[in-house]
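We will take a short walk, one selection at a time.

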Amino acid sequence: MTDQIDTDLANDGMPKIKIIGGNPLHGEIQISGAKNAALKLVCAGLLTSDELKLTNVPTSLRDMTTLADLLRYLGADVDMDDNAKTMSIRAIGGVDKTLAPYDLVRKMRASILVLGPLLARHGEAKVSLPGGCAIGSRPVDLHLMGLETMGADIKIEDGYVIAKSPEGGLKGAEILFPKVSVGATEHLLMTATLANGTTTLSNAAMEPEITDLAECLVKMGAYIEGIGTNKLIIHGVETLKGAEHSVIPDRIETGTFMIAAALTGGDVTLTNTRANTLDSVTALLRKAGADVTISGDKIRVRRQDDLKSMRGIDIMTEPYPGFPTDMQAQAMTMLTLCDGAGMVTETIFENRFMHVPELVRMGANITVQGNSAIVRGVDTLKGAQVMATDLRASVALVIAGLCATEGETTVNRIYHLERGYEDIAGKLSAVGANIRREN
């Protein structure tokens with residue numbers, strides 16, 4: 001049965017990454033702008049008829065091009081420069097359409113975030129329920145609850161959210177999130193900037209990407225208090241203006257390469273990053289045996305000199321500033337080769353262990369019990385045909401391939417990977433990895 005799976009994967013005709021592991025990584029890697037910040041900033045461009053220019057944008061990512069296509073469909077002018085890593089959005093004279101169709105929205109969950117800006121500025125919107133990675137239920141109920149609290153009339157028909165503002169526009173409101181939601185916080189933060197009166201978001205998420213969005217909105221003329229805290233107070237304004245804003249560095253890409261450097265026994269310096277957004281990751285890596293040195297916008301990572309392998313530790317995902325769920329799969333890969341055992345507990349998404357069977361195919365010793373996984377370190381991983389199931393699982397398998405000391409690893413279905421990592425094969429190859437992308 002396993003041989004048949006390998007043959008099917010090898011012949012599926014889709015792009016894949018092939019890796020021969022065992023090489024320590026050495027050199028410098030420049031970190032790209034954060035996809036999770038850039039996507040929301042692009043949606044903010046719908047809030048004004050002026051130009052919003054974004055720099056340090058990961059323009060080559062599939063998610064960025066998908067969202068650009070959606071905004072163009074809505075009638076906005078979108079210009080992307082892959083060489084300069086810039087993106088300009090201008091909804092000249094208003095947006096032509098307020099319908100975001102299924103064919104575009106299904107490709108990426110963040111597309112739902114056009115709903116609030118369209119509703120706030122134009123009074124109505126019809127947006128398909130979103131798609132994205134299959135990592136469990138990620139309902140938009142908190143998004144819709146917040147919009148209804150601000151006076152919107154919301155209906156769901158035939159897979160679409162149909163929303164209309166009350167006469168006179170959306171109204172400021174007191175909104176208490178029953179649980180922390182990054183997407184809902186970002187969505188309602190944008191929407192509230194054009195509502196009448198004051199909106200308070202309590203128990204708001206505090207991720208650095210939300211702070212980045214808030215700072216951009218302030219440049220556009222929004223009035224926001226409590227930036228960086230779990231209570232955001234937004235005083236609505238009549239209009240927003242254009243601005244220029246640099247997207248923050250991608251902390252998840254940074255953390256991914258930090259693990260790859262330490263686990264392969266390499267010595268890598270990551271440039272154009274922000275260490276202060278990675279405190280939880282840095283602390284756990286140091287506990288596991290990584291030597292992490294921070295200097296300005298650079299982070300140098302290598303394994304502690306007295307260790308032959310990393311140490312097993314326990315990891316629990318939590319909302320920021322806790323350990324990010326987007327680093328869970330990579331951390332689990334690290335534990336597969338650690339000395340001793342560690343436990344990974346996932347508290348954010350209920351279906352984010354789909355990488356486990358693929359790691360086991362490579363020789364990992366992992367036992368899943370509910371929302372926790374016990375990982376017992378093994379001496380080596382072996383190359384195998386594996387299939388990517390979501391974005392972060394994909395890169396976890398790439399890291400495993402870098403460390404496999406026998407055979408070749410083929411990571412199939414890498415369209416997930418290319419939604420969130422710019423030229424990962426090129427970046428890793430430049431620091432000594434034997435890795436290539438095949439069409």
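Which helix lies across E18, E19, E20 and E21? Select residues 328-336: this is helix H11, and it lies across those four strands, with contact meaning heavy atoms within 4.5 Å, and runs at about 30° to E21 (372-376). Helices (H or I, at least four residues) and strands (E, at least two) are DSSP runs, numbered from the N terminus. Axes are lines fitted to C-alpha atoms, for helices over the stretch in contact, and angles run from 0 to 180 degrees between N-to-C directions.

A word on the model: it is predicted, so local features need pLDDT of at least 70 and side-chain atom pairs count only at pLDDT 80 or more, while totals for chains, interfaces and linings use all residues. Residues are numbered from 1 along each chain as its sequence is written, and side-chain values use heavy atoms, leaving out hydrogens and water.

Now colour the strands. They form an open, mixed sheet in the order E18-E19-E21-E20, where two strands pair if DSSP finds at least two bridges between them. E18 (315-316) and E20 (365-369) are at the edges with a single partner strand each, so one side of each has no neighbour in the sheet. Zoom in on E18 and E19 (residues 341-345), which pair in the parallel sense over two bridges; Met-316 stands opposite Thr-345.

Next, select helix H9 (residues 251-263) and helix H13 (residues 391-403), packed at an angle of about 20° with axes 10 Å apart. That makes the two helices roughly parallel, a term for angles under 35 degrees. Show side chains at their contact: Ile-252 and Leu-263 are among the H9 residues there, and Arg-392 and Cys-403 among those of H13.

Note on methods
Parallel < 35°, antiparallel > 145°, perpendicular 65-115°, else oblique.
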